[in-house]
Amino acid sequence: MSASDTFLRATITKRTEISNDLWVIRVDPGGPFAFTAGQYATLGVATAQGLVERAYSIVSSPYERELEFYFELVHDGELTPLLYRRMAGDALTIRKRPKGRFLLDQSSGRTNHLLLCTVTGIAPFISYARTLKKEWDEGLFQGDHRLFLIQGASHAIEFAYRDEIEALARAVPWLKYVPTISRPWDEPDWRGETGRVDDVIRKYADQWSLDAAHTTAYLCGHPEMLEHGKGILRRHGWEKDAVKEERYFIPTPVHA
């Protein structure tokens, strides 16, 4: 199989800085790239030692022509330091086949969707929301599935999609959004929710009347949030088949 059968040569069309170590890019994939909201793409950068590749959740909707990604710089990572130096006009590789099963559950009969994430873990949830909004506008989605999104970060600047998702939540009846910060002492002007995602799961599940019988839960991002969040959900009745997870990185073990 040739490289042209496996890879697309993509071009960065836009880069947006969010903070010192967070940024968003939009990419012209350079060819057809069909995917489902919630899937990920395998991006690569060519180096003298060979191609360095990693998988990243897609922010954009399948209805968009360009692909969008939200990155956090991992200073000792293999790929994000290379991506961090890429600007508009630079090239990347994308494997032609998207992957991932972190899709919106539309077959179990559970019509509520509790979306829990940290920082860049919001990527697949933005893809869900943009996709449903497009279908809502075209009369293809009747609002019979509802999204309840909680996003955690240390600081408010890390909520790259806050304006977009809050505007959407005001415009449609099927989306609720709560951003929560874990370092409120650094931001005296913050008037929103405080604490980590797992600190507020129970509060909002109760407030929104979400229960395990009618709600699929999704956890995306930091492994610690995933583990704590799954424990909280299990203790409140969520069975394994009603919980989906997408783990973004594995913490480096600390050796004594």
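The model is predicted: local features need pLDDT of at least 70 and side-chain atom pairs count only at pLDDT 80 or more, while totals for chains, interfaces and linings use all residues. Residues are numbered from 1 along each chain as its sequence is written, and side-chain values use heavy atoms, with hydrogens and water left out.

Start by colouring the chain by pLDDT (the predictor's confidence in each residue, from 0 to 100). The mean for the protein chain is 95, and 96% of its residues reach 70 or more. Then select residues 251-256, where the pLDDT is below 50. Beyond near neighbours in sequence, this stretch has 1 contact in the model (heavy atoms within 4.5 Å).

The structure holds 0 disulfides (a disulfide is a pair of cysteine sulfur atoms within 2.5 Å). For cysteine 117, the nearest cysteine sulfur is that of cysteine 220, 6.9 Å away, which is too far for a bond. Cysteine 117 is buried at a relative accessible area of 0%, and cysteine 220 is buried with a value of 0%. Buried means under 20% relative accessible area, exposed over 50%, and partly exposed in between (1.4 Å probe, protein chains only).

Move to threonine 216 in strand β11, residues 215-221. Strands (E, at least two residues) and helices (H or I, at least four) are DSSP runs numbered from the N terminus. Threonine 216 is buried, at 1% relative accessibility. Leaving aside residues up to four places away in sequence, its contacts include Asp105, Arg110, His113 and Trp238. Its side chain makes a polar contact of 2.9 Å with that of arginine 110 (N or O atoms within 3.5 Å; within protein, one must be able to donate a hydrogen and the other to accept it, and residues adjacent in sequence count only if both atoms are side-chain atoms).

Aspartate 105 is buried at 10%, as is arginine 110 at 11%. By this rule the count is 23 salt bridges.

Now select glutamate 193 and lysine 203, whose salt bridge is 2.7 Å, N to O. This pair links strand β10 (residues 193-194) to helix α5 (residues 197-207). Glutamate 193 is buried at 15%, whereas lysine 203 is partly exposed at 43%.

Methods
A salt bridge is a side-chain nitrogen of Lys or Arg within 4 Å of a carboxyl oxygen of Asp or Glu.
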